[in-house]
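Student: Could you walk me through this one? I'd like to start with the ligand and then move on to the fold.

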Amino acid sequence: MGKIDIQHLTKEFRNRRRSPRPGDDAALRIGDRIEVLRDIDLSFDRGEMICILGPSGCGKSTLLKIIAGFERPTTGRVLIDESPVNGPSSNHIFVFQHSGLFPWMNVWQNVQMGLRRMPDNGQRQEKIQEYIDLVDLTGFEHYFPYQLSGGMQRRAELARALAVNPDMLIMDEPFSGLDFLTHMKMREEVVNMHEFIGKTILLVTHNIDDALIMGDRVVLMSGRPSEVKLMRKLAFPHPRNYEEEPELNELREELYFMLGVSHAV
Ligand SMILES: Nc1ncnc2c1ncn2[C@@H]1O[C@H](COP(=O)(O)OP(=O)(O)OP(=O)(O)O)[C@@H](O)[C@H]1O
Ligand SMILES: [Mg+2]
């Protein structure tokens with residue numbers, strides 16, 4: 001489960017704001033059309049980790065929302081396992097959120113919530129512990145979210161996502177706001193978890209290195225109206241690094257160039 005086909009997808013919004021957002025045309029009036037996504041055609045295999053890059057405001061979150069069924073496309077369609085997406089499906093898709101934990105429940109109870117549909121045949125307790133161990137929160141089972149650091153909360157949320165056992169995990173900038181070391185640790189955990197569970201993961205990031213180190217596939221979107229500027233399969237084994245993979249390093253240069261920035265300053 002978890003194959004995604006995006007076919008001729010376009011999305012337009014009607015402007016409802018008096019003052020333009022960054023990137024908007026200054027002459028934009030209320031009711032004017034904003035073309036966000038233009039003829040997007042993409043196809044992803046089951047179990048892939050897909051990393052989506054693109055400038056701010058280009059429509060990455062909108063694309064994820066359409067795939068998750070929270071937004072409807074203007075034209076075109078999304079198929080998941082050959083069936084068109086017509087609305088949200090909590091059984092199949094889990095949307096990873098920054099503060100998705102229940103504040104009145106401890107870590108154990110939060111993860112248990114993810115497993116509520118699983119019959120309690122004696123394996124439930126073991127499963128909960130397995131997911132907590134996987135995200136390195138062993139010993140913190142009885143802590144409430146307010147007693148955890150931001151990074152630990154994010155890891156607990158990850159354990160809950162795993163417990164739901166969705167066919168697909170959608171992550172919109174899951175590492176934003178984390179300190180450097182926690183960011184590195186989290187991304188290692190997501191890669192390990194992906195190798196372990198093999199589910200389709202769609203991850204939006206602003207970080208070129210995250211996309212190249214983590215993804216099985218990288219997609220670069222252009223500025224608005226957004227089109228697919230580049231799509232590349234990354235068939236490099238993990239753990240990955242640029243020193244051992246000159247091709248990956250070349251692609252990094254290319255992506256920096258295409259996004260109009262430089263990593264050497
Ligand atoms: N509900 C909405 N109504 C009107 N315009 C919207 C709506 N949602 C998004 N937009 C517009 O669509 C464009 C794309 O927004 P989106 O949030 O998808 O961008 P993004 O690529 O995720 O940006 P960022 O990297 O900053 O998160 C923006 O110009 C935004 O203003
Ligand atoms: Mg976004």
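Student: Okay, which residues come nearest to ligand 1?

Tutor: Keep in mind that this is a predicted model. There are 13 residues around ligand 1. Of those, the nearest are F13, S56, K60, S61 and T62.

Student: And which element gives the most to the shell around ligand 1?

Tutor: Two elements give two or more residues each: strand 2 (33-44) and helix 1 (60-68). By type, the shell has four nonpolar, seven polar and two charged residues. The top contributor, with three residues, is helix 1.

Student: Now the open sheet: which strands stand at its edges?

Tutor: Six strands make up this sheet, with mixed pairing, in the order 6-7-8-3-9-10.

Student: What is the bridge partner of I50 in strand 9?

Tutor: Strand 3 (residues 49-53) and strand 9 (residues 217-221) run parallel, joined by four bridges. In strand 9, I50 is partnered by R217.

Student: How far apart are the end C-alpha atoms of helix 4, and what should its residues span?

Tutor: Helix 4 (residues 150-164) has 15 residues, and at 1.5 Å a residue they should span 21 Å. The model agrees, with the end C-alpha atoms also 21 Å apart.

Student: Is helix 4 mostly covered or uncovered?

Tutor: Eleven of its 15 residues are buried, including L158 and L162. Among the elements covering them are strand 6, helix 2 (107-114) and helix 5 (180-197). So helix 4 counts as mostly covered.

Key:
Residues are numbered from 1 along each chain as its sequence is written. Chains are lettered from A and ligands numbered from 1 in the order in which they are written. This is a predicted model: local features need pLDDT of at least 70, side-chain atom pairs count only at pLDDT 80 or more; totals for chains, interfaces and linings use all residues. Two strands pair if DSSP finds at least two bridges between them. A residue is near a molecule or strand if its C-beta atom, placed from the backbone, lies within 6 Å of it. Ala, Val, Leu, Ile, Met, Phe, Trp, Tyr, Cys and Pro count as nonpolar, Asp, Glu, Lys and Arg as charged, and the others, Gly among them, as polar. The expected span of a helix is 1.5 Å times one less than its number of residues. A residue is buried if 20 or more other C-beta atoms lie within 10 Å of its own, exposed if 12 or fewer, and partly exposed in between; C-beta atoms are placed from the backbone. Two residues are in contact if their C-beta atoms, placed from the backbone, lie within 7 Å.
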